[in-house]
Each structure stands twice: as structure tokens, then as C-alpha cells.
Amino acid sequence: MKPILGLFAFVLSMVGLVAAEPPPLLPVETFFKNPEFTNVSFSPDGKSIALLQSIDNRMNIVVLDLETMEKRQLTRYKRQNIAFYEWVGSDHLAFWADYDGNESFSMFVIKRDGTGYKDLGGGRFLSRLEGQADHILVEWADAKRTGTNVYRLNLRTGRTSSHLVNPGSVTEWITDRRGVVRAGGNLVCARH
């Protein structure tokens, strides 16, 4: 019986299951720091790549022009991270940032060359509009805060016009890939 135990111990040591020393402990900070980069995506025209990159320990948007290979940092946030961004046209990106960790997100738009920065408040990007590079659909809370209305946003001017008025308490709208609003619903969060 002892030769079998000896053989078993030898096999375990050979495959690394019995270590001479325990592995080093990772610092706690390792589990909470931002990734080096994340959310890599191509522009709709395929000429640029955008990504979120950790710069000074904050997530900011960086764009790489694939024709010139020029890298441009579009945002320079020092106090908050950019939570999410999305190409809303070949020349524009929309992104959301939270101020002071209070979960109050604002939507911003910026051109891929770093110009045209606009704060759009608490809206949410809904859809690009087919054949209309300068306009997108966004949704904002209605005056009663019981639902959202759909607006058409001009990316160059920042002006909005009403596109669809909420008939009741719709909180989320769904569009097709051409930007036509097809459905709306009420997002209900269950409490336990």
C-alpha cells in the first residue's frame, strides 16, 4: 500500500498539484482598478476605432484614425469614469458619465476629432436615423417623470424636436435598424 501512496505523491508533485510554496497574494487594489482599456468598437464608416482607456485611473474615450494611425484622446475626465459610449454616426460619439458617484448619469456628444462637445443632460441614445448623419433619436423623461418621450436631436446644433409623445407611462422605446420607433414598454423592476 505504501508504494502506491508514494507513487501518488510523486504524480501530484509532477503535475503541480502539490506546491512547495503557496502562490503570492494579490493586492486588494488589483480587484478594483480599471482595466487598461475596454469597449473597443469601429465607427460606422470603418475609418476609426474608439475605446475606453484608463488614463490617470479614470476611463476616457480615445479614438484611433485607421488611415493616419493618429491616436486622439477625446475626453479628459479626472473625477469620474465614462460608463459607456456608443458611435451615433461616423463622426459623433455619445457617452454617459456619472458625477461624484451619485448614479446621476448625463449624456454627452462629441465629434471624433474632439470638437463639438455637448452636454445633453439625462437623455438616452435610442437610434441612428437611416440616411440622416446629423440626426439621432434620444429619449428623455417626460415632465411628470412617469415615462419617456422620443426626440430627434441635431448633432451639429444640439437642438431637439419632438418625435413621439408618450401616450401613457412608457419608459423604454424600441426602434428598428432604420430608426423607426416600433414599440414601447414599461420597464418594471421587481423589489424583493
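**Starting at N154**

In this predicted model, begin by selecting N154, which, leaving aside its neighbours within four places in sequence, is in contact with D134, H135 and R159. Show the strand around N154 as well, and you will have β11, which covers residues 148–154. Is N154 buried or exposed? Its relative accessible area is 12%, and because buried means under 20%, N154 counts as buried.

**On to a sheet**

Next, select the open sheet of four strands, whose order is β5-β6-β7-β8 and whose pairing is antiparallel. The strands at its edges are β5 (82–87) and β8 (118–119), and since each has a single partner strand, one side of each is left without a neighbour in the sheet. Now look at where β7, residues 105–111, runs antiparallel to β8, the two being joined by two bridges; if you pick F108, you will find that its bridge partner in β8 is D119.

**Into the cores**

Then turn to the largest nonpolar core, which has 15 residues, and colour I61, Y85, L93 and F95, the ones that touch the most other members. At least two residues of this core come from each of β2 (48–55), β3 (58–65), β5, β6 (92–98) and β7. Stay on F95 and list its contacts, leaving aside neighbours within four places in sequence: they include I61, T75, Y77, Y85, F108 and Y117. Finally, select V88, W96, F125 and W140, which are among the 12 residues of another core lying apart from the largest one. In soluble globular proteins, nonpolar side chains tend to be buried together.

Definitions and conventions
Residues numbered from 1 in each chain as written. Predicted model: local features only at pLDDT ≥ 70, side-chain atom pairs only at ≥ 80, totals over all residues. Heavy atoms only, no water. Pairing = 2+ DSSP bridges. Buried < 20%, exposed > 50% of the residue type's maximum accessible area, 1.4 Å probe, protein only. Contact = heavy atoms within 4.5 Å. Core = buried A, V, L, I, M, F, W, Y, C linked by side-chain atoms within 4.5 Å.
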